Amino acid sequence: FIRDNCYSMLLVWLLLFVFCKRAAAGKGEGFRMSRQMYRCFIGLSFVIYVLILLYVTIFSREPFAERHIMLSFLWEYRLELAGSMSWVLQLLNNIILFVPMGVLYGELSRKRTWWRALLLGAGTSAFIEGMQFVLKAGLCETDDVFNNTIGMMLGYIFWLFCGKILRYYGFKP
């Protein structure tokens, strides 16, 4: 279920995040959420996200008989440019999978900067790729680290954008 509905789950979570962020920053009429409830939502989101991330990237995969590794950088992109579009979905999955991490990093980190977000995304992805290699649970590749890091940065930019929009409309994020 989780593997087949990743996009839908991400979209629902992002909409819920925006709704809850606005409700926690609340002003005026409508649903309001206390800061404590909002922090619980973010904490629970983090735990669920980490479990889903580990499930999708490691535990849901059947182990191979031998280890697989691809260290050629941007090989998926070269295949796509050559006309093999079957890798586009794989590339998008790897980007989208790390978008929530960027949003959660923005919410949970006190010392947030773009370069720390970049290092966290690349480091987490490299760790997962290393686990896939050790456990023989997928293709360990540099492109996944690159794409996951892009997803992390897109999530962080989304988080920054939400904060700016809320401030523009007079809410205190």
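Reader: How many helices and strands are there in the protein chain?

Author: The protein chain has seven helices and two strands, where helices (H or I, at least four residues) and strands (E, at least two) are DSSP runs numbered from the N terminus. Their order from the N terminus is α-α-β-α-α-α-α-β-α. This is a predicted model, in which local features need pLDDT of at least 70 and side-chain atom pairs count only at pLDDT 80 or more, while totals for chains, interfaces and linings use all residues. Residues are numbered from 1 along each chain as its sequence is written, and side-chain values use heavy atoms, with hydrogens and water left out.

Reader: What does the C-alpha trace span along its principal axes, and what share of the residues counts as buried?

Author: The C-alpha trace spans about 60 × 30 × 30 Å along those axes. Buried means under 20% relative accessible area, exposed means over 50%, and partly exposed lies in between (1.4 Å probe, protein chains only). Of the 173 residues, 38% count as buried.

Reader: How many salt bridges does a search of the whole structure find?

Author: Side chains of opposite charge can pair when their charged atoms come close. A salt bridge is defined as a side-chain nitrogen of Lys or Arg within 4 Å of a carboxyl oxygen of Asp or Glu. The search of the whole structure finds one. K21 forms a salt bridge with E107, and their closest N and O atoms are 2.7 Å apart. The pair links distant parts of the chain, since K21 lies in helix α1 and E107 in helix α5 (residues 99-108), 86 residues apart.

Reader: Is K21 buried or exposed?

Author: K21 is buried, because its relative accessible area is 7%. E107 counts as buried too, at 9% relative accessibility.

Reader: Which side chain of opposite charge is nearest to E76?

Author: For charge, Lys and Arg count as positive and Asp and Glu as negative; His and the chain ends are not counted. The nearest side chain of opposite charge to E76 is R61, 9.7 Å away, and E76 is buried yet has no salt bridge. E76 sits in helix α3 (residues 75-81). Contact means heavy atoms within 4.5 Å; apart from residues up to four places away in sequence, E76 touches W87, Q90, E141, D143, D144 and N147.

Reader: Which residues form the positive surface patch?

Author: Patches are made of residues with over 30% relative accessible area and no salt bridge; like charges are joined within 9 Å, and nonpolar side chains (Val, Leu, Ile, Met, Phe, Trp, Tyr) within 5 Å. Accessible areas come from the Shrake-Rupley method with a 1.4 Å probe, and for residues only the protein chains shown count as cover. R35, R39, R110 and R112 form the positive patch. R35 belongs to helix α2 (residues 35-59) and is partly exposed, because its relative accessible area is 44%.

Reader: Which residues make the nonpolar surface patch?

Author: L16, F19, F31 and M37 make a nonpolar patch of about 390 Å². F31 is in the loop between α1 (6-24) and α2, and counts as partly exposed because its relative accessibility is 44%.

Reader: Where is L139 found, and which residues is L139 in contact with?

Author: L139 is found in strand β2 (residues 139-141), and is partly exposed because its relative accessible area is 25%. Leaving aside neighbours within four places in sequence, L139 is in contact with F64, H68, I69, M70, W75, E129, Q132 and D144.

Methods:
The place of a charge is taken as NZ of Lys, CZ of Arg, CG of Asp or CD of Glu.
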